[in-house]
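Student: Please take a close look at the charged side chains in this model, and then at the loops and the sheet. I would like one connected account.

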Amino acid sequence: MEVFKKKTYKSIPTIAEIVEEKGKQVAKWTGRQGKTYKFPVEKTKDGDRIVIVSKNYVARYRNESGQMVEKSMGCRDKQNAQRVLQSWLDRVEKIKTGILTAEELKVSERLHTPIDEVLQAYKVYLETTDGDKHVGETINRIHVLCRDCRFVVLNNINPQDLNGWMVEQAKIGKRGASTRNHCRKALATFLNWAVENDWMMRNPITKRNVPTANTEVDVRRKRRALSKDEINRLLEITKNRPLIEAMTIRTGKRKGERHANIRVETRQKRELLGLERMTIYGMMIYTGLRKKELKSLRIGQLFLNETPPLLHLIAKDTKNKQGVGQPLHSHLVSLLKKWIDAKTVAKGVSELAPEEPLFYVPNALYKILNRDLRLAGIEKKDFLGQSIDVHALRHTHATQLALAGVSPKVAQKSMRHSKIGLTMDVYTHLEREDLAEGIEKLPKFGE
């Protein structure tokens, strides 16, 4: 029974130079990318060969059947490797004496599988049901936790270290409560999958031993909804800003004046751009669409002449992976028709193809929104630290539904939330004036 680092012998490259370092022969050469390689040289029955030593220790021992086996241990420290080997030998002894079944032993041995190896299998599983972005975020969150908590193999994962990470992150202010909860949930879900697929006997991470962080007292991004007046100002400025910027004189005595001479083609392009951006914001405010959903829309998904007019969201493009027909407000229908007509003329065609993207939604839409807010005189962040960003337009949709007296259940359906509390508590923002107006509607008592 022993632990060792496995050696692999390979031929010495023809470009290698054999030198002597500390009394031993070493092969050195420079690769195509300019990287220098250096490996020790040993004599074998086939002549001199370079030696590549594994980074992790390997164990050689006899299993419960008496067979000699070799297994990688995922350990770079010899003492840790020896401890792992001893735990394996203990399990072999237990199965020989009938304390463990063969199936239980198989699962217990898998506990020493490197997490990265198990994550590869989990990633393949996720890719069959989730979008690329969600899969990437999930795997990245698990990697972050395992790196910070020093979880190398499945058996390393424990609630004490994870609780310590949750507390430490809160103290240093690096990650908010919501982000910490997302990481915790990603790991717990991964471990549930590992249990179902016989990688582990049980999930060590539960709500009881690793409670979630309180998002009410530790919110990193507090959003607010736009008021009716702010919505009108934003849409008006958004429509005109591209043209205003093109007509603004940048240098000289008249710097800042909006009297620059521009070509007719430039004016038309700027007006088209302003109309598109205004319609994008209007779409998000009237429907509560997320940016990714908005970006996925095609002309063929609009049914503006139906009763009622509808937008069909395709399941793969939505967050909950459920297709839905979203009713459209009559004013939004007018905006969309105006935009589609303008886009059709600009492209010089009689009709837009069904697969034509409805909008061009830039990745840096938040930067464009920030400039629009600034020109409209709308504060990005208020005195309470609540801010306006692209996702806040979705908050605005929920809030305006509440102000219009729409029932919470209908608002939940429009927002496509699984829980009504998320719609009412997180996305709906009623100001003190709105609350005061509602309270004033109560009858006079005691007269």
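Tutor: Lys347 forms a salt bridge with Glu356, and their closest N and O atoms are 3.5 Å apart. The model is a predicted one. Lys347 counts as partly exposed because its relative accessibility is 46%, a value between the limits of 20% and 50%. Glu356 has a relative accessible area of 18% and is therefore buried, the limit for that class being under 20%.

Another salt bridge joins Glu230 to Arg224, with 3.1 Å between the closest N and O atoms. Here Glu230 is at 13% relative accessibility and so counts as buried. Arg224 is also classed as buried, because its relative accessibility is 9%.

Arg223 has a salt bridge of its own, to Asp389, and the closest N and O atoms of this pair are 2.9 Å apart. Arg223 and Asp389 are both buried.

In general, side chains of opposite charge can pair when their charged atoms come close. In this model the count of salt bridges comes to 17. Some are joined into a network, which links Glu2, Lys6, Arg60 and Glu70.

There is also a surface patch of positive charge, in which Lys5, Lys35, Lys55 and Arg76 gather. Members of such a patch have no salt bridge and a relative accessible area over 30%. Arg76 has a relative accessible area of 57% and is therefore exposed. Its place in the chain is the loop between strand E6 (68-72) and helix H1 (78-96).

Two further charged residues are of interest for their backbone. Most residues other than glycine have a negative phi, and most peptide bonds are trans. Arg150 is not a glycine, yet its phi is positive, at about 60 degrees. This residue sits in the loop between helix H4 (132-149) and helix H5 (159-172). Arg150 counts as exposed because its relative accessibility is 72%. Asp198, likewise a residue other than glycine, has a positive phi near 65 degrees. Asp198 is found in the loop that runs between helix H6 (177-196) and helix H7 (228-247). With a relative accessible area of 38%, Asp198 is partly exposed.

The remaining backbone feature is a peptide bond. The bond from Thr307 to Pro308 is cis, and its omega is near -5 degrees. Pro308 is placed in the loop between E7 and E8.

Three strands make up an open sheet, with the order E7-E8-E9 and antiparallel pairing. Strand E7 (302-303) and strand E9 (324-327) are the edge strands, and each of them pairs on one side only. Strand E8 (residues 310-313) runs antiparallel to E7, and two bridges join them.

Definitions and conventions:
Residues numbered from 1 in each chain as written. Predicted model: local features only at pLDDT ≥ 70, side-chain atom pairs only at ≥ 80, totals over all residues. Heavy atoms only, no water. Pairing = 2+ DSSP bridges. Helix = DSSP H or I, 4+ residues; strand = E, 2+ residues; numbered from the N terminus. Patch = residues over 30% accessible without salt bridge, like charges linked within 9 Å, V, L, I, M, F, W, Y side chains within 5 Å. Areas by Shrake-Rupley, 256 points an atom, 1.4 Å probe, with all protein chains shown as cover. Salt bridge = Lys/Arg side-chain N within 4 Å of Asp/Glu carboxyl O. Lys, Arg positive; Asp, Glu negative; His and termini not counted. Charge placed at Lys NZ, Arg CZ, Asp CG, Glu CD. Buried < 20%, exposed > 50% of the residue type's maximum accessible area, 1.4 Å probe, protein only.
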